[in-house]
Structures are given as structure tokens and as C-alpha cells.
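Trainee: Before we begin, could we go through this model slowly, setting each term against its definition?
Mentor: Gladly; ask what each word rests on, and I will answer from the coordinates.

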Amino acid sequence: MTDPLVWPVLLPLIAALFALVWPRRAAAIAVTGMAATLAASVWLLWRVAEQGSLVHALGGWQPGLGIALRADALAALLLLMSTLVGFATTWYANGYFTDTALRERFWPLWLLLITALHALLLSGDLFNLYVTLELMGLSAVVLAALGGGAEALRAALRYLVLGLIGSLAFLAGVALIYGRYGVLDMAALAPLLQPEPTAWTALALMSVGILIKSALFPLHFWLPPAHANAPAPVSALLSALVVKAAFYLLLRLWLDLFQPVVTQNAAWLLGWLGAAAVIWGSWQALRAERLKLMAAYSTVAQIGYLFLFFPLLTALPEGPARDTAFGALVLLALTHGFAKSGLFLAAGVVQRQAGHDRIAELGGTARNLPLTTFALALAGVALIGLPPSGGFLAKWQLMSTAVQLQFWPWLLVLGTGSLLAAAYVFRLLSHAFGAGDGAQRKLTSPGTELPALLLVLCATLVLGLGAAPLWDLLSAPPALEVSP
Amino acid sequence: MLSSSLIFALTGVALFALGLRGALLHPALLGRVLAINVSGAGVFMLLVALAYRGPAGNPDPLPHALVLTGIVVAVSATALALAMGRRLRQLEEQADD
């Protein structure tokens with residue numbers, strides 16, 4: 001039990017069970033549990049930085065029969081981001097729910113969602129990945145429906161049905177892999193995989209399943225209503241982490257496990273879908289009348305940017321150029337995680353204080369809620385990709401890699417996407433700084449405005465100015481190369 | 001000649017595809033949920049067919065364990081979808097009154 005790999009999964013699970021049997025103390029349990037999880041994630045990243053990557057056979061059962069947990073730098077970094085975002089949103093959610101019955105139902109599900117996320121990030125077994133995908137999907141759906149009216153419920157049901165279709169497609173791929181190769185452990189599978197029809201079919205099925213969950217255009221249509229109608233802390237977690245976890249899985253499969261099977265044309269397909277997502281998502285965000293809907297469409301666009309990296313990464317040979325591009329991809333994912341969760345939390349504050357989130361009627365917000373408006377602006381800086389945010393560094397690197405490979409369309413996509421992002425962020429800010437009494441200042445405890453501010457500061461200053469160690473960490477060998 | 005496990009596997013694939021079509025195209029929630037279950041049954045059948053190792057050999061136990069886990073997940077997901085569907089109908093009836 002002294003293995004750092006089990007605690008980031010075990011601690012939120014224990015907290016969830018305690019929150020279930022002791023609902024009145026649930027908030028305190030959640031905050032304590034998340035603080036402990038944060039410590040465990042820092043410890044795990046520390047160990048990964050020392051040793052390269054870690055493996056743990058659960059219960060002492062060796063992979064083959066048992067299930068392995070694995071962590072490399074990518075998993076450990078995303079885990080730390082997930083715990084930081086989880087901690088800040090837990091702090092925020094503490095003051096968000098006023099209805100007692102709702103609060104009591106919220107906490108166990110919330111902690112279960114975080115458990116599932118962490119289990120997914122650390123899982124080294126294909127079938128276990130299916131289970132964590134389902135756990136994540138089910139708890140996310142219930143949270144998205146929580147406390148909302150018919151609109152939120154309808155959106156959550158659509159989310160559920162599509163999520164189930166996605167997981168089934170993933171499971172069908174897993175079944176094919178097991179039928180052909182007889183293993184589910186990813187480290188054992190990696191050397192066996194051959195470019196052949198079974199592997200292609202399995203990869204296609206699994207990828208379609210994950211693409212639904214990571215909301216890549218044109219499979220994104222379930223996301224905006226589900227994320228925009230959920231309670232603010234839930235939207236933050238869904239947009240920043242749940243979509244990102246699905247993307248992480250795709251990254252693992254395409255660049256790590258199935259690398260010999262992936263063809264350059266398939267990677268181009270993902271890249272072009274990503275480009276379409278950038279343009280379409282940004283355009284819809286610009287047209288959105290409500291702040292949370294704008295944030296949700298901005299997620300569709302930001303996920304698109306991540307997919308632009310795929311064809312570049314498969315085209316580049318192993319070496320420093322590829323490592324640099326990969327580091328930029330991780331940096332962009334982390335920046336978006338922090339910025340978008342901060343944006344949703346700040347949007348939640350605005351919505352609470354103003355009683356609505358119609359962008360055109362938000363005049364006076366800057367005067368009445370200066371801290372929250374500052375958080376909105378900083379989140380915008382990271383989403384547009386202005387210096388000194390992590391988004392700036394990552395997009396700059398993406399551009400220089402595209403130039404290096406002489407792939408000019410990506411420059412156009414990046415330019416258009418950034419201009420559209422600037423347009424939707426400045427449209428929001430110009431209304432917020434305008435005259436009016438949109439958001440009345442009624443209550444302000446530190447737990448209301450501070451979490452959003454801390455998250456966006458992580459996205460802009462911490463990741464922008466302190467990004468260099470990220471590349472050192474990521475250039476260590478990946479987890480799959482280490483035998484258990 | 002088609003072996004019996006191949007027939008089962010192909011039936012599983014056909015069920016998966018049929019269920020997927022229903023889950024995407026059926027207008028009513030109940031129809032979609034049932035279609036997802038049909039689709040799931042197809043994947044489970046594929047897994048069970050893959051576990052078969054001829055009349056003499058013992059079947060591979062691992063896919064059976066996977067199917068059991070999958071059934072538990074499918075039951076929970078179906079229950080959740082039905083409960084949410086009922087709640088939605090209640091809300092809509094309240095709105096009509």
C-alpha cells in the first residue's frame with residue numbers, strides 16, 4: 001500500500017463512500033479527500049520525475065490475469081491537472097449548492113466521477129479502460145442532470161445515449177483485440193500488434209467510441225446543451241477533465257499502443273476534423289447568446305486544436321522535433337483544462353449574481369464583480385493564446401512545427417481560430433465592462449470568486465512562465481516500454 | 001464449412017450493427033435504450049463465441065468474466081436511462097398542466 005499509484009484512485013473512492021454514508025459531513029469529507037488526493041498526485045509526479053514511469057499490479061496479480069496500473073509523465077501531469085481542477089471546483093461547489101437534498105446527492109457522485117477519471121488516466125488494461133469510461137460517463141450524466149429542469153434532463157439523456165453507444169463501440173474493439181491477440185494488458189499487447197484488418201477494425205471501432213466522448217466535430221453536437229445546462233462546477237469538470245480524459249485515451253492508442261497500425265491518412269482525417277472543429281466551434285461560440293453556451297462551444301473549438309497535432313506527430317520521426325511538438329500538445333491540453341474550468345466557475349458566479357447568463361445583458365459586471373471579471377478576462381487570454389499563457393507557447397510551437405513540415409493550411413486554421421476566439425472573448429468583455437446593473441453584488445465569500453481566479457492563474461502565469469520542465473518530464477521513455 | 005463459433009460471432013456482429021442503427025435512429029427514448037441493449041448483447045455474444053475452444057477444450061474463462069462485467073454495466077446504465085426518462089416525462093406533464 002506504499003505504492004503512489006493506488007492513492008489517486010483510492011482516496012476519492014474512499015471519500016465518495018464516506019460521503020454516501022455520512023451525507024451531512026459530505027462537504028468536509030470531499031474537501032479533505034481532495035486535499036489528500038492532491039498530495040498523492042504531487043507525490044506520484046515526483047516519483048515519475050525520478051524514475052521515468054511506474055507500474056503497479058493490483059492485488060499482487062500479475063498482468064495477464066490481474067490488472068495493472070501504469071503512470072508515465074503524460075498520465076502523471078494530466079492527473080495533477082485533474083486533481084488541481086478537482087480541488088478548486090470542490091472548494092467552489094461547497095458554497096454553490098444551497099438546497100440540502102441536492103447537496104447530499106451531489107457529493108458522492110462528484111467524488112466517484114473524480115475516481116473514474118483518475119482510474120482512466122492510470123489504467124494499463126484495455127478492458128479496465130472500458131469500465132472506467134462507463135463509470136465516468138454514468139456519473140457525469142447524473143451530475144449534468146442534477147438540479148436542472150427538463151432542458152438539462154433532455155440534454156443529459158442525449159449525453160447518456162451517445163456515451164453508451166461510444167462505450168459499446170469501444171468494447172467491440174476490445175473484443176476483437178482479445179479475439180485476435182489474446183491479451184488485454186497494453187504493455188503486453190504493444191509488441192504483438194500488426195498492421196492488419198483486425199487491428200484496423202478494432203482501432204476504428206475504439207476510436208469512433210472515444211471520438212463521440214471527446215466531442216470531435218461532427219460528433220460534438222451533444223456537448224453544448226449538456227455542458228451549458230449543468231450546474232457550474234459540474235460544467236467545469238465536464239469541459240476541463242471528462243472530455244480531456246477521452247482525448248488522453250485516444251492519444252495513448254494512436255501515438256503509443258497502435259503506432260505501427262496507424263496510417264498517415266487516418267491521422268490527416270483526425271487533423272482535418274479538428275480543423276473543422278476549430279472553425280465551427282469558434283464561430284458558434286461567437287454567435288452564442290448565453291455565456292455558458294459560449295464556453296461550451298469554445299470547448300468544441302479547443303478540442304479541435306488538440307487534434308491538429310495528430311498528423312504532425314505521426315509525420316515526424318522519433319526525435320527532439322517530435323518531443324517538442326508532443327510537449328506543446330500536452331501544454332495546450334493542460335492550459336485548456338485550467339482555463340476552461342476557471343471560465344465555467346466564473347460564469348457560474350456571474351449567472352448566480354445576475355440571475356441569468358445572457359451576454360448582451362451583462363453590463364455592470366466588471367464594476368460589481370471585479371475579481372470574477374478579471375478571471376473571465378484571464379481565461380480569455382489563455383483561450384485566445386495570448387502571451388504569457390501556456391496557450392501562446394503551445395500554439396506557437398504548433399505553428400512552427402507546421403511550418404517545418406511545410407503544412408500551410410494549419411497556419412490559416414490557427415489564425416482564423418485565434419481571431420474568432422479573440423472576437424468572442426472581447427464581445428463578452430465589452431458587455432461586462434459596459435454600463436448597466438447586470439450583476440448585483442450580493443454575497444462574496446472567498447470560496448466563490450477565488451477558485452476561478454486560481455485556476456486561470458495556473459493557465460496563464462504558471463503554465464506560461466514555468467512550462468520548460470514539462471518538456472524535460474515528457475521526453476522520458478513512455479510507460480509501455482517498461483515491462484512489469 | 002462454417003464452424004458454430006463463427007456463426008455465433010457473425011450473429012453477434014450483426015446484432016451489434018442492428019442495435020447501433022436503432023440506437024441512433026429510433027425516435028423514442030425507450031426504443032433507443034432497448035436498441036443499445038441489443039447492441040450490447042451482440043458484443044457479449046461475440047466475446048462468448050471467441051472464448052469457445054472446440055468441443056474438447058475448456059472455454060477461455062476471461063471473456064466470460066468480461067461479459068459478466070459488461071452485463072452489470074449494461075443493467076445499471078439501462079436503469080439510469082429509464083429513471084431519467086421517467087423523471088423527464090413527469091416534468092413535461094407538470095409543464096403541460
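Trainee: Which residues in helix 3 of chain A meet which residues in helix 18 of chain A?
Mentor: From helix 3 of chain A come A:L84, A:V85, A:A88, A:T89, A:W91, A:Y92, A:N94 and A:G95, and they meet A:G447, A:T448, A:P451, A:L454, A:L455 and A:C458 of helix 18 of chain A. Two residues are in contact if their C-beta atoms, placed from the backbone, lie within 7 Å, and the helices themselves are DSSP runs (H or I, at least four residues; strands are E, at least two), numbered from the N terminus. By class, this contact divides into 9 nonpolar, 5 polar and no charged residues, where Ala, Val, Leu, Ile, Met, Phe, Trp, Tyr, Cys and Pro count as nonpolar, Asp, Glu, Lys and Arg as charged, and the others, Gly among them, as polar.

Trainee: What kind of model is this, and how are residues and chains labelled?
Mentor: This is a predicted model, in which local features need pLDDT of at least 70 and side-chain atom pairs count only at pLDDT 80 or more, while totals for chains, interfaces and linings use all residues. Residues are numbered from 1 along each chain as its sequence is written, and chains are lettered from A and ligands numbered from 1 in the order in which they are written.

Trainee: What is the predictor's confidence in chain A and in chain B?
Mentor: pLDDT is the predictor's confidence in each residue, from 0 to 100; for chain A the mean is 90, with 96% of its residues reaching 70 or more, and for chain B the mean is 90, with 98% reaching 70 or more. For the complex, the predictor gives an ipTM of 0.94 and a pTM of 0.93. Over residues 479-484 of chain A, however, pLDDT stays under 50, although the model has 19 contacts beyond four places in sequence for them. Where pLDDT is low, the predicted coordinates should not be read in detail.

Trainee: Why is helix 3 of chain A called roughly antiparallel to helix 18 of chain A?
Mentor: Helix 3 and helix 18 (residues 446-465) of chain A pack at about 165 degrees, with their axes 8 Å apart. Axes are lines fitted to C-alpha atoms, for helices over the stretch in contact, and angles run from 0 to 180 degrees between N-to-C directions. Angles under 35 degrees count as roughly parallel, over 145 as roughly antiparallel, 65 to 115 as roughly perpendicular and the rest as oblique, and therefore helix 3 of chain A is roughly antiparallel to helix 18 of chain A.

Trainee: What makes helix 2 of chain A roughly antiparallel to helix 3 of chain A?
Mentor: The axes of helix 2 (residues 26-51) and helix 3 of chain A come within 9 Å and cross at roughly 160 degrees, so the pair is again roughly antiparallel. Among the residues making this contact are A:A27 and A:M34 of helix 2 of chain A and A:L77 and A:W91 of helix 3 of chain A, and by class it has 18 nonpolar, 6 polar and no charged residues.

Trainee: Why is helix 5 of chain A called roughly parallel to helix 3 of chain B?
Mentor: The axes of helix 5 (residues 126-145) of chain A and helix 3 of chain B come within 11 Å and cross at roughly 10 degrees, which means that this pair is roughly parallel. In this contact A:F127, A:V131, A:E134, A:L138, A:V142 and A:A145 meet B:L66, B:T69, B:V73, B:S76, B:A77, B:L80 and B:M84, with 10 nonpolar, 2 polar and 1 charged residues by class.

Trainee: How many residues of each chain are in contact, and which helix of chain B supplies the largest share of its side?
Mentor: 28 residues of chain B are in contact with 22 residues of chain A, and helix 3 of chain B supplies the largest share of chain B's side, 16 residues. That side has 19 nonpolar, 6 polar and 3 charged residues.

Trainee: How is chain A divided into domains, and how many residues of each are in contact?
Mentor: Chain A is divided into domain 1 (1-262) and domain 2 (275-484), with bounds that come from an automatic or database domain assignment. The C-alpha centres of the two domains lie 21 Å apart, and 52 residues of domain 1 are in contact with 48 residues of domain 2.

Trainee: Which peptide bond ending at A:P218 is cis, and where does A:P218 lie?
Mentor: The bond from A:F217 to A:P218 is cis, with omega near 0 degrees, and A:P218 lies in the loop between helix 8 (197-213) and helix 9 of chain A.
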